[in-house]
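Here are my notes on the model you sent over.

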Amino acid sequence: MKILVLTEKPSVAKEIARVLGCTQKQKHHYEGPKYVVTWALGHLVTLAEPEDYDTKFKTWNLEDLPIIPDRMKLKVMKETSHQFRGIEQLAKRGDLAELVIATDAGREGELVARWIMELIRWKKPFKRLWISSQTDQAIREGFAQLKPGTDYNRLYQAAVCRSEADWLIGLNVTRALTSKFGASLSAGRVQTPTLAMMTDREAEIRQFRSVEYWLIEADLGTYRAQWRDPKTGDSRLFDRERADALQAKLQGQQGHVTQVTRTEKTIPHPLAYDLTELQRDANKKFGFSAKQTSNVLQRLYEQYKLVTYPRTDSRYLTSDMVPTLLGRLKGAAIGPYAALAAPFIRQPLAITKRIVDDSKVSDHHAIIPTGEAISLATLSADERRLYDLIVRRFIALFRGPCKYDETKLTVEIAGEKLYASGTVMKEAGWKDVYGASDVSDPDKDDTGSEDDITQLLPQVNQGDAVTARSVRQLTRQTKPPSRYTEASLLSQMEKWGLGTPATRADIIEKLVASDTIERQGSLLRPTGKGAQLIELASEELRSPELTARWEQELERIAKGKGSMEQFLSGIRAKAGELVSEVKRSNAAYKPHNLTGSKCPECGEFLQEVKGKRGRYLHCSSRECSYKREVDGQLTNHRCPQCHKKMEIHTGKAGKYFQCRPCNVVEKIDKEAPSGGRRGAAKANRQLIEQYSDQTQLGSSLADKLMAALQKKEE
């Protein structure tokens, strides 16, 4: 008898099959003497759509809401049904006695497998492979220590609750808002409060009024000191006359040092990375989006096997990993990391509670290197950057604390008190790993003021005489709150428990795709559509507290402390309440993207929208389906004169190519499509695909060459 192994992706199936000795490649699986390894393609099974319950739901009508089925149904996804049928056929084989779930070791991976098992009606025993890296050793050890599949029933229940809650809340509120206000308005239990945080920040920025203020700074020869208000401790002066008077009072006057305080301070090494912290760091240092970090990290985990499981929310390791840490360190000690790791290779590692703490690890430990050997030159630029962050953070765990002396001085001149401070590095400790000389703590938000003076102080003693050689006023303006970057937005989502480390990047991308937020360089800001959506959405739904309570309850269910039935009962009731609130609303929606152009078919104003292939104009009337491109879409068809890429346009005589730089026009010899506007749209897509470069944007030259080589080999 053989064992069926179900993985989440073909690439993972290929690696597991190789380790397990499954050398026979079939269309839907690999087979060996003991194992049959097959794969999903992400989700093969999903929750049924409203129209699967009743065909009337194909049309979105407010009076049909809320849609709350007595029991949620599952269905096979049409796009990947061929692979599902392949697994279904395998399940009927009489020589397969057991199944091993080898999907990603997390809530979503559990759901992928269990829903497939439900629809193929798997009744035989099943076990769970739970590993935190994709190395050969980890796979072998994992199969030697398979866990009973029923141990993860609670995790599966939490995953079902999350999925059904998103369906019941998101689908009903989205349909209600869209039907009520005649615009595509997407809402959800996580995306709506996330958007609300951004619109609140935008309101603060709009309402902010900048005020001028002044700082008084005295040059005392070998260092500078700043005046502070004796009552409030604030160095800012909002009264120009008082600033002028203080400057005149202090100029050229003598005084003395009244107090010297020297303190040795230490900053312990930063904690290891979880996914959210890594996304924050990559955004701050490289400008990576959260989704970009997730994608690159997945390749490092799955393709190169260089790092442990990515989608973790823990920043600690477990005690059973301690014997492996030295080996991981040795494996990572290549190239620029060899000298950094050298001090630890020949001595026992110092393991502290900041590194290993079983009580702070749930499903997966922190992200660290696996110790697999690799030539760094094989990594793309982005992969190399992210791997560098992970390796340096791992080495920093075993370095001593950063120690420095902080000196604070109080100086009295003409009855006024001025203050100076400075730091002197004593032991860089873990900072050596980064080659940094500053004394900031990476595990704390930067709360320092730009008005603070950073300087090296000379040896100063209490009672030393000083002279204010020159006193100057520094003019400043109060600044509004900053717009969110992806790093700061991730921090707020984590603080309020919105989503999980695995889903936050997708939530941000969903908000961008729905045109409710937009990227402006490194910053994120809500669009006019996003601002209106928040005004129309229920106050309760846009509150992060409600979603945070739901997320906490999902965690309780996963740990066996919460009730699946109670949670879903509450979600169903809340979905009904939220729809009723939309129905009662007297608000109005005004499209933020109306243009001055009118529809040639009905005369209503056209709206400009962003599509996957560029900008479009479509009629604002719900009864009219007129739509056309704003710009010609860039193709891979080259201009015969300048050889630059040409745009594709539609004119009275049909479709044609146009080169913007030299205005060359070429007609496309293509028969007119049948099927009306829908047929024309399909033909247009086919032309775009035919003449477009399908290489993903943002990929490096090395990635393109690698893809070309792989295609040639295949």
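1. Before anything else, keep in mind that this is a predicted model. The lining of the largest cavity comes out as eight nonpolar, two polar and three charged residues.

2. On the cavity itself: searching the whole structure turns up one cavity of 30 Å³ or more. The largest cavity holds about 100 Å³ of space. It is lined by 13 residues, and the ones closest to its centre are A102, T103, D104, Q134 and Y301.

3. Next, have a look at helix α9 (residues 275–286) and helix α14 (residues 486–496): their axes come within 8 Å and cross at roughly 160°. Angles over 145 degrees count as roughly antiparallel, so that is how α9 and α14 run relative to each other. The crossing of α9 past α14 is left-handed.

4. Who touches whom there? From α9 the contact uses T276, Q279, R280, N283 and K284, while α14 brings E486, A487, L490, S491 and E494. Sorted by class, this contact of α9 with α14 has two nonpolar, four polar and four charged residues.

5. α9 also packs on helix α10 (residues 290–302), with axes that come within 9 Å and cross at roughly 115°. This crossing of α9 and α10 is right-handed. L275, L278, Q279 and A282 of α9 meet A290, T293, S294 and L297 of α10.

6. Which classes make up the contact of α9 with α10? There are five nonpolar and three polar residues, and no charged ones. Q279 of α9 is listed in the contact with α14 and also in the contact with α10.

Key: Residues numbered from 1 in each chain as written. Predicted model: local features only at pLDDT ≥ 70, side-chain atom pairs only at ≥ 80, totals over all residues. Heavy atoms only, no water. 1 Å grid on protein atoms, 1.4 Å probe; cavity = no way out; pocket = protein on both sides within 12 Å on 5 of 7 lines; lining within 4 Å. Points joined across faces, edges and corners; volume = space filled by probe spheres on them. Nonpolar A, V, L, I, M, F, W, Y, C, P; charged D, E, K, R; others polar. Axes fitted to C-alpha atoms, helices over the stretch in contact; angles between N-to-C directions. Helix = DSSP H or I, 4+ residues; strand = E, 2+ residues; numbered from the N terminus. Parallel < 35°, antiparallel > 145°, perpendicular 65-115°, else oblique. Left-handed = near helix turned anticlockwise from the far one by under 90°. Contact = heavy atoms within 4.5 Å.
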